[in-house]
Amino acid sequence: MVTGSQKGIRSVLFWAGLVAAVAYCLGPFVWQFITSLKPAAELTMLPPVLPTRPVLENYRSVFAARPFLRIILNSLVVASGTTFFSLAIGSLAAFALARLPLRGRHIFLAFVLSVSMFPPIATVSPLYIVIRFLGLRDTLTALVITYTTFSLPLTIWILTNFFREVPREIYLAALLDGCTPFQIFYRIFLPLAAPGLSATAILVFIFSWNEFLFALTFTSTAASRTIPVAIALFPGVHEVPWGEIAAASVVVTVPVVVLVFVFQRRIVEGLTMGAMKG
Amino acid sequence: MVDIALRGVWKSFGTADVIRGLDLTIRDREFFTFVGPSGCGKSTILNLIAGLEEPTKGTILFDSEPVADLSPGRRDVAMVFQSYALYPHMTVFENIAFPLKVRKERREVVSREVGRVAELLGIGDQLGKLPRELSGGQRQRVALGRAIIRRPRAFLMDEPLSNLDARLRMEMRAEIKKLHRELGITTVYVTHDQEEAMSLSDRVAVLSEGEVRQCSRPGELYERPADVFVAGFIGSPPMNLFGARVTSEEPFRIAALGAVLSPDVSAAPSGGTVIAGIRPEDVEVDTRPLPGGLEAEVELTEPVGPYEWVDLNVGGVRLRARAEAGKVRAGQRVFFRVAEERLHVFDAETEKRL
C-alpha cells in the first residue's frame, strides 16, 4: 500500500525530474534568447547577468549588415527540396518494398540501412569531387541531392513499416475495384500513412536545416550558403559578435519549433507507429 | 452474369499442393458454395477466380473465354472479404462510391447509385461515418455495398459472416439470400460452416485437402453423401459412423449395434467390413420397447428446445440419437430404433458410398 507521504515523495521526484529535463533541453535556447537581447557592453560580462534593458540592435544588425535574408531563403529552399524529394522517392520505394512481391526485399532494406551508417566525414571528400565534376559546386542543387541521399534510408525504413501495416486485403480490394498499383499508392496508402509522412518530413527538414559539414564544403558564396555555415562565419579576425550570433540562432530556431508544435500529434503517432484498424 | 468454368485447375505453393485437379462449372446466376474445414484451399479458389493468384496448371474460363490474361481489375468480379477490407480513411459514402470514382463516373451518377445501394442495404443514414465508427454488421453491409454498386458479373464472398456473432450471422444470411434473389448475379461463396452453405446455396462443393469430394444440391448432399468425409461433414449434429461386419452379400446384411440390419446398397463392398452411418435424427429413442428395438444406456442428454440429442452407449459404441424433450435421463436404460432405409453404407477401403 502506498502511503500518503510516499505518494508525496514520488510527486516531488517526478516534478524535479521534469524540471531538470526541461531545463536541460530548453536551457541553451533560453540562454541564446537572453543573450540576443543584451546590449553590446554587457555581452561578455562575467558572471553573466540579465540585460538591464533589452535591445533589438543585435537583430537589426544581423539583417542589415549581412545578406541574412538570402541565407534563410537558401536554407528554406534546400530543406523543403530535400523533404519533398525524400518523401516522394522514399514513399514510392517503401510502397514497392512493402507490397510488391519482390525477391531479396530484406536484403535490399538492410542495404539501404547500411548506407546511413557511413560517417559523413568519410564521404565528404569523394562527394566533393563528384559535385565538382557535375559542375554543381556552390549550388543549392548539390545540397539537395546530398541531403536527400542521406535522408532516404530513414525515410524508406519508416514508410516501409507504415505501408506494411496496411492489411493486405485492402490492397486486394482496391485491385479488384479497378485500381492500378499507382492509384492504390496515392489514393489509399499515402492517406493512411499520413502520420508516418509527417514524422519523416519533420525529421528530414530538421536534418537539412541544421546540417553543417556538407553545406560548408560545397558552398562558397552567400548565393548558396545556408544558415549554419553563415552563422559560423560571423566571427571576424578580432572579435566574436556574440550578440549577433545569438540573435541569428533565435531567428532560425523559431520556424522549426513552430513546425514541430503544429505537427506534434502527427509526429507522435508516426513515431510510435499506431496500429491501423481496417 | 457469367458462367465460371474451372478446368483441371491445380495450385501449388512451393511443394504444397493446395488445389488438386479442380474440374467444375459454376452456372450463370447460381449461388455456389465451396465448403470445407479450415485450410482446405477454399479461399485460394476465390483468389484464382478473381485473378489475385495464378493457377499452377489448368484454365479458368468466364463464359467460355479464358481469363488468364485479364488482371483482377478487368475481370469484372467483386469480392467481399472476411475482414471486410473497408478503406479506413474514407467515409461509408466514399467507400461505396470508390469503384465508380476509379472509373471516373460523373458526380450525379455516383451520388445516385450510392444512395440506391445504401437504401437497399439499410445503411442510408450512415453515409457520413468512418468504418471505425460502425458495428460489425454495418461494416459488412458497406462491404456488400461496395461490391454491389459495380453490378459485376460475379460476386466472390470469402467467409463474409465469420466475424459476426451468431444472431447477426442469421440476419445477414437472410439478407444475402434475398440480395441474390433480387440481383440474380452469379455468386461464389466460401465458408467452413456447413449449415451456412446448405441454407444459402443452389449447389455446394465439399472440399477436403484441395479436392472436391462431392458437388451437388444441398438436399442431395444430405440424403446421399458420396463418401465418409461428406457424410461426417454435412449435417449438424454430425452423422454417426461406425464399423459393421457384412453377414450376407445377397441380400445385403450387416451386423452392427447388436443387431442385423438390411440397408439399401447399389454396389458390393470390397471387403468383409464396411463403414455404416446413420444420422442422429434418424435414430428414435424411447423408454418403452420399440419394434425391432435395441437396448442401450444413456450417457448424456443435450436439450435444444423441442427435443434432445441423446448420447447412447451401445455396447461400447457411441451413438447419438434424438428423443422428445424430457423423456430420458442420463444413466437410464432405453430402447432405440434405427431406420434402416436411412442407413448409409460406405466401403471400408475407398470410403465411397455403396
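**Close-up views of a predicted model**

**View 1. The residue that follows helix α2 of chain B.** Directly after α2(B), B:K104 adopts a positive phi of about 60°. Helices are DSSP runs of H or I with at least four residues, strands are runs of E with at least two, and both are numbered from the N terminus. The model is predicted: local features need pLDDT of at least 70 and side-chain atom pairs count only at pLDDT 80 or more, while totals for chains, interfaces and linings use all residues. Residues are numbered from 1 along each chain as its sequence is written, and chains are lettered from A and ligands numbered from 1 in the order in which they are written.

View 2. Because eight of its eleven residues are buried, α2(B) is largely enclosed by the rest of the structure. A residue is buried if 20 or more other C-beta atoms, placed from the backbone, lie within 10 Å of its own. Among the buried residues are B:F93, B:I96 and B:L100. Their cover includes α3 (107–121) and α4 (136–148) of chain B.

**View 3. The open sheet of chain B.** Four strands, in the order β2-β1-β4-β5, form this sheet with antiparallel pairing; strands pair if DSSP finds at least two bridges between them. β2 (16–26) and β5 (65–66) of chain B are the edge strands, each pairing on one side only. Strand β1 (residues 4–13) of chain B is joined to β2(B) by seven bridges. B:L6 lies opposite B:L24 in β2(B).

Definitions and conventions
Buried ≥ 20, exposed ≤ 12 C-beta atoms within 10 Å, placed from the backbone. Contact = placed C-beta atoms within 7 Å.
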